[in-house]
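Please keep the sequence and the structure in view while reading.

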Amino acid sequence: MMNLYNTLTGEMEPLSCDDGVVNMYVCGITPYSSAHLGHAMCAALFDVLRRYLEYKGYSVNHIQNFTDIDDKMIAAANEQGVTVKELADSNIEAYMAELNALNVLPASKYPKATEEIDAIVDVIEGLIEKGYAYQVKGDVYFRVRKNHEYGKLSRRNLDDMLAGARLEVDESKEYPGDFALWKSAKPGEPFWGSPWGDGRPGWHIECTAMALKYLGNKVDIHGGGRDLVFPHHENEIAQSEAYTGVKPFSRFWVHNGTLGYGAEKMSKSLGNVFSIQAALDAFTPESLRLFFISSHYRSPLVFSNDVIQGQEKAIIRLNNAVKAESGTGSEVNVDRYVLAFEEAMDADLNTPRALSAIFDLTREINRGSSSGHNIEHAQSVLLKLLSVLGVDISTEEQHSGSSEPFIELLLELRQQLRTEKQFALADRIRDSLGDLGIRIEDRDNDTRWSRI
Ligand SMILES: [Zn+2]
């Protein structure tokens, strides 16, 4: 049984779905500019959760929205002299191509706010009927004080929220904490018709409408970045539970830690490396995926060139194990590594521990290969576990053939350097090969190598 941390209860809880289907809604991007690496990390982490649930036999219904209308969209479109739709379409297309390059499985459906206006209007009408929302001059607001549980996700009370938030003074609201469900159209803005006049939806209401439309009253997991807990997810819960009367709106609330840029942010030379595309230009998709899961999904992760470059070496080691030559001896048993992997993933998706099980398996494969054992089954297990993490090794450098001639060539070169007493350079070759999982042993006049 998998245990998952639930932000709503603050506890680890077992995840089980009797019908074999997990309904998962993950908040998507606002496509007003190129998506950044933090968006890629969020998509990759929920992709790992989805893949692991599928590995455990569930079928996953995965919905991810696009907020293709809001203030930022309108401002950016005006600045670039394009329509909001043109801006959204081009950024969404680029983002989808980037997710594909990162081996993120496509969601079951990517609804867009602008294409779900009817569903959104229905929910707002229902909220007004039930007294949870009110209309003022073409705007509609949610009445947060009517909901006694408001604040239960972020564990705040209304007074603290108001003290901490810089709320615009808006005379039309009954209470400063009330938030907009519908915004009346200002001149020059895109708008849609509604019972309250022309306008556009607020941000939070779209996710309520889309989650209910595509997943019904059974939302098993609702996720996104930690920065969405308040106000976005708090507001989604308030709206949805007020509208349907069903609690909880989502059984699990799952949030990933943020991606920080640390000292690298100060480096001008990195330029826009923080866009997904720039990262894909600088690093392989596999090393980025390994980097994202190198720390636990709820912990903050700090971008580091060196760390990602280190992942490139890890990928080469995995590649070497996948391509190591199998002997005809007895089959290597890898059950304990699979067990360790599953135990780690069952413990709130502990990917760092799962990765360490995978590297233990890699060493077992290399040992088995060196001693002439049959490692074919072990290699297929390795590929399967890696695919659960979204790390696609099987196609990596498939045309490059065996690395053995290159290793032999480097050893020859090293021997020559030693003869010329250039020991520093010779040692560098040994150390670099060591980093790649190739151990060198000098015996008498012979040098042997093996995979660690
Ligand atoms: Zn959302």
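Predicted model: local features only at pLDDT ≥ 70, side-chain atom pairs only at ≥ 80, totals over all residues.

Asp-348 is placed in the loop between α11 and α12, and its backbone takes a positive phi of about 55° although Asp-348 is not a glycine.

Asn-103 also has a positive phi without being a glycine, in this case near 65°. Asn-103 belongs to the loop that runs between α3 (84-101) and α4 (117-129), and with a relative accessible area of 27% Asn-103 counts as partly exposed.

## Arg-51 and its contacts

Asn-103 is one of the residues touched by Arg-51, which is found in helix α1. Is Arg-51 buried or exposed? Arg-51 counts as buried, because its relative accessibility is 12%, and the cut-off for burial is under 20%.

When residues up to four places away in sequence are not counted, the contacts of Arg-51 are Asn-103, Leu-105, Arg-289, Ser-387, Val-388 and Gly-390.

## Helix α13

Helix α13 covers residues 376-388, 13 residues in all, and reaches 19 Å from its first C-alpha to its last, which is close to the 18 Å expected at 1.5 Å a residue. An α-helix has 3.6 residues a turn, so residues three or four places apart point the same way.

Helix α7 has 16 residues and reaches 21 Å from its first C-alpha to its last, close to the 22 Å expected at 1.5 Å a residue. This helix is mostly covered, with 13 of its 16 residues buried. Just after α7, Gly-245 takes a positive phi of about 75°.

The peptide bond from Phe-230 to Pro-231 is cis, with omega near 5°, and Pro-231 lies within α7, which comprises residues 229-244. A cis peptide bond also joins Lys-247 and Pro-248, where omega is about -10°; Pro-248 is located in the loop between α7 and β10 (250-256).

## Domains

The protein is divided into domain 1 (18-260), domain 2 (283-400) and domain 3 (404-451). Taken over C-alpha atoms, the centres of domain 1 and domain 3 are separated by 56 Å.

Rolling a probe the size of a water molecule over the atoms shows where empty space is left. In this model, the count comes to two cavities of 30 Å³ or more. The largest cavity has a volume of about 40 Å³, and its lining is made up of Leu-45, Phe-46, Leu-49, Val-254, Tyr-297 and Leu-349. By class, these lining residues divide into six nonpolar, no polar and no charged. Which helix gives the most to the lining of the largest cavity? Helix α1 (residues 37-55) does, with three residues.

The second largest cavity has a volume of about 30 Å³ and is lined by Arg-317, Asn-320, Thr-362, Asn-366, Leu-436, Gly-437, Arg-451 and Ile-452. The lining of the second largest cavity has two nonpolar, four polar and two charged residues. Helices α10 (305-323) and α12 (351-370) each supply at least two residues of this lining, and domain 2 (283-400) and domain 3 (404-451) each contribute at least three residues to the lining of the second largest cavity.

Notes. Residues numbered from 1 in each chain as written. Heavy atoms only, no water. 1 Å grid on protein atoms, 1.4 Å probe; cavity = no way out; pocket = protein on both sides within 12 Å on 5 of 7 lines; lining within 4 Å. Points joined across faces, edges and corners; volume = space filled by probe spheres on them. Helix = DSSP H or I, 4+ residues; strand = E, 2+ residues; numbered from the N terminus. Nonpolar A, V, L, I, M, F, W, Y, C, P; charged D, E, K, R; others polar. Domains from an automatic or database assignment. Expected span 1.5 Å × (residues − 1). Buried < 20%, exposed > 50% of the residue type's maximum accessible area, 1.4 Å probe, protein only. Contact = heavy atoms within 4.5 Å.
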